[in-house]
Amino acid sequence: MIKPGIPNGTRDFGPVVVRKRNYIFRTIRETFEVFGFQPLETPAMENLSTLTGKYGEEGDKLMFKILNNGDIFPKAQAATDNKSLVAALSEKALRYDLTIPFARYVVMNQNDLALPFKRYQMQPVWRADKPQRGRYREFYQCDADVVGSNSLLNEVELLLIYDTVLTKLGLQGYELRINNRKILSGLAEVIGKPELLTDITISIDKLDKIGAEGVRKELATRGLTDADIATIETFLAISGTSEEKLAQLKTLLQSSPTALKGIEELSYVLNSGFGTFNTTPEIDVTLARGLNYYTGMIVEVKAPPTVKMGSIGGGGRYDDLTGLFGLKGISGVGISFGVDRIYDVLEELQLFPQEAQQSTKVLFLNLGDESARTCFSYMMQLRAKGIAAELFHENAKMDKQLKYANKRGIPYVIILGEAELQEGLIAVKNFITGQQEKIKAEQLADYNF
């Protein structure tokens, strides 16, 4: 016998979990749609050449590669280096994210797309990460991107999408953190070491984990002088309201045109007057994600501090993502929702509404052939009105049928016994309140279930 199991880092989702996840997907999808974004789907697998080198060395290691069909061993044995060996064994890989496939799609369909192209995509991706809480090997991403536009109005709208979705989901206390890559580049310029931008930002990004002293020690090992480190520490000490932070940034980085441009862009996003936020975006000068491809605004959504989860979304602007595939000059900006993490947060905070956890709303008891035929007719009336209803599959003891309804979490049970058939009435039992009443058959379609 084979012991059943699933691969490490993957999960089965039962009916209750799927309904809750669908509630999140539905909320995100409806918001994308009302903001004018169009749906897109790409294959689960991509050519390895499409994905390799786009996520850095670590990303290449975490890709799930697909073994080639046929007799691959002669080619593998003839390989002279790792590159030719990989090519002999695999030419395809599972989708690592949704961004690179989207860029590939834009390039392949550039003549058919009306720019700016606003697309959303909600599909699973696969990464060979070490599984842990909030980190899986198979998980969904929900992305929204705008390509073919340099307007900062897009940044404002994408932040509003985050705010709208998370508010609809009932989440409070989340943080919308924003920064601008140009500001970080300007910091490196001001200290005279633009070539150390990556080293500086890698250290800055660890501030929450290793503290200010830890960052100082790490910067010292990366070729920075005491004066350089002092400037960076002044940068990290920037605090206050967003307007106060912008003013301090202008003073500190005034010698860098690049930084001033980034400050101007941040100021526009925060003060454009387009839309009203439930949770106002806040400047976080330590935010340094995605510097391999982001060129403007960077955004990260943090879960409420009461939940130990960290980031539940992120994104930013990229000026030349399609340039990876030979199409230069197409600017874009996008965001992504971490659905699996959002699910864990909502579950921990018990924020899923009751309607997101139930399917069937009404169960008709099966009390014999005549009752079942009449119930079936009534059941179809409710279904026609969009009310989920079902008839118990067999004429079983009433106790068994009631236990089934209770176990399924079905809130209403309809009883049509001999007495009800003779009276022309229908008995409706509310499982939540325990109350039961009889109504006329013609009242059923308009009953407030």
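Cys-142 is buried, at 0% relative accessible area. Cys-375 is likewise buried, with a value of 0%. Buried means under 20% relative accessible area, exposed over 50%, and partly exposed in between (1.4 Å probe, protein chains only).

In this predicted model, local features need pLDDT of at least 70 and side-chain atom pairs count only at pLDDT 80 or more, while totals for chains, interfaces and linings use all residues. Residues are numbered from 1 along each chain as its sequence is written, and side-chain values use heavy atoms, with hydrogens and water left out.

The largest nonpolar core holds 94 residues. Such a core is a set of buried Ala, Val, Leu, Ile, Met, Phe, Trp, Tyr and Cys residues joined through side-chain atoms within 4.5 Å. Ile-24, Phe-32, Phe-235 and Phe-337 have the most contacts inside it. Helix H7 (residues 153-168) gives the most to this core, with eight residues. Helices (H or I, at least four residues) and strands (E, at least two) are DSSP runs, numbered from the N terminus. Beyond four places in sequence, Phe-337 touches residues including Phe-32, Cys-142, Ile-161 and Val-165; contact means heavy atoms within 4.5 Å. Another core, of 20 residues, lies apart and includes Cys-375, Tyr-412, Val-428 and Ala-441.

Helix H6 (residues 99-108) is largely enclosed by the rest of the structure, because seven of its 10 residues are buried. Among them are Ile-100, Phe-102 and Arg-104. The cover over the buried residues of H6 includes strand S5 (117-126), strand S6 (138-147) and strand S10 (311-318).
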